[in-house]
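Please open the model in your viewer and keep the selection panel at hand. The stops below say what to select next and what is to be found there.

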Amino acid sequence: MQIKSLFYGLLFIPILACSHSLNALTHTNLLPVGKPQIINKKLVKDINDNCWIEDYFSDKAREDYHKRCKLSTFPSTQNVRNIFEELQKNKIVYLYQSNQFNIYLKKTTDTDICLIEEKQLEGECAISPTKFIITMFIESSSKIINQLIVYSNEDHGGDMIQVTLDFFIDKQLNVWLLEHILDEEGASATLWQHYKINNKGKFNLLDEIKCQFENGGLKLVCKNKNFKNK
């Protein structure tokens, strides 16, 4: 079974239909949006401890994976599907407006990428992973004053590797990000971040966990940096 059979419904869930275009000025308060489950940073350890697969080709092992791994059952907020459909049409989706600044999402990459080591003599790629990126922009007086990538999905196809960055934005303008990798051995969380957008439209990083493989890829080591008291 292909790796996508294990991929856990990141975005597309049944929702209520909207009667207005999501990038219209009459429909701009769409918060909260994203996956609220990623708020808890303890999720990183939970994913890395429990989201492994004993035997990728075993139906029983995959069933056991879905029981243990919380990541495989995470739903999104109801408005996510409509928002992503609008973004895929190259529309700007406003999430928030105030007298100080506006916040909107925009698709910034949807192309094939060629990895350097995979280039052939003719300039073609042996494998071309597809990458879909969504960036959150903050604008004031019609000028962009800040931006942050809040979603990306990189699919390596034949290599059975999928790298995803998920997000959640609440009504108080907190932003949480969770990056995770899915392959034939299971899922691993590699990055968790908590930002707060201040009244000047600046992203303040409050808390962060970064994980990387050490000992030749045999051990995943995570380090937590808390910036709240600095």
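The tour goes from the disulfides to the salt bridges, then to the aromatic rings and the nonpolar cores.

This is a predicted model, in which local features need pLDDT of at least 70 and side-chain atom pairs count only at pLDDT 80 or more, while totals for chains, interfaces and linings use all residues. Residues are numbered from 1 along each chain as its sequence is written, and side-chain values use heavy atoms, with hydrogens and water left out.

**Disulfides**

A search of the whole structure finds 2 disulfides, the term being used for a pair of cysteine sulfur atoms within 2.5 Å. Select cysteine 51 and cysteine 69, which are joined with an S to S distance of 2.0 Å; the link is right-handed, with 90° about the S-S bond. The pair links distant parts of the chain, since cysteine 51 sits in the loop between helix H1 (42–50) and helix H2 (59–68), and cysteine 69, 18 residues apart from it, in the loop between H2 and helix H3 (80–88). Helices (H or I, at least four residues) and strands (E, at least two) are DSSP runs, numbered from the N terminus. Cysteine 51 counts as buried at 1% relative accessibility, and cysteine 69 is likewise buried, with a relative accessible area of 1%; here buried means under 20% relative accessible area, exposed over 50%, and partly exposed in between (1.4 Å probe, protein chains only).

Next select cysteine 211 and cysteine 222, whose sulfur atoms are also joined at 2.0 Å, in a right-handed link with 110° about the S-S bond. Cysteine 211 is buried at 10% relative accessibility, whereas cysteine 222, at 36%, is partly exposed.

**Salt bridges**

How many salt bridges does a search of the whole structure find? There are 8, each a side-chain nitrogen of Lys or Arg within 4 Å of a carboxyl oxygen of Asp or Glu. Select lysine 35 and aspartate 166, whose closest N and O atoms are 3.8 Å apart. Lysine 35 lies in the loop between strand S1 (33–34) and H1, and aspartate 166 in strand S6 (residues 162–169), so the pair ties together parts that are 131 residues apart in sequence. Both lysine 35 and aspartate 166 are buried.

Lysine 45 is exposed, with a relative accessible area of 57%, and aspartate 49 is partly exposed, at 39%.

A further salt bridge to select is that of glutamate 86 with lysine 91, with the closest N and O atoms 3.5 Å apart. Are these side chains buried or exposed? Glutamate 86 is buried, with a relative accessible area of 11%, while lysine 91 is partly exposed, at 29%.

**Aromatic rings**

The whole structure holds 8 aromatic pairs, where rings of Phe, Tyr and Trp (its six-membered ring) pair if their centres lie within 6.5 Å, and planes under 30 degrees apart count as stacked, over 60 as edge-to-face and the rest as tilted. Select tyrosine 96 and phenylalanine 101, a tilted pair at 5.9 Å centre to centre, with 45° between the planes; phenylalanine 101 is buried, with a relative accessible area of 4%. Then select tyrosine 195 and phenylalanine 203, whose ring centres are 6.1 Å apart and whose planes stand at 80°, so the pair is edge-to-face. Tyrosine 195 is buried, at 11%, as is phenylalanine 203, at 12% relative accessibility. Selecting Phe84, Phe132 and Tyr151 shows a cluster linked by ring pairs.

**Nonpolar cores**

The last stop is the largest nonpolar core, which has 28 residues; such a core is a set of buried Ala, Val, Leu, Ile, Met, Phe, Trp, Tyr and Cys residues joined through side-chain atoms within 4.5 Å. Select Ile83, Leu95, Met136, Val150, Val175 and Ile197, the residues with the most contacts inside this core. Apart from it lies another core, of 20 residues, among them Tyr65, Phe74, Trp176 and Ala189.
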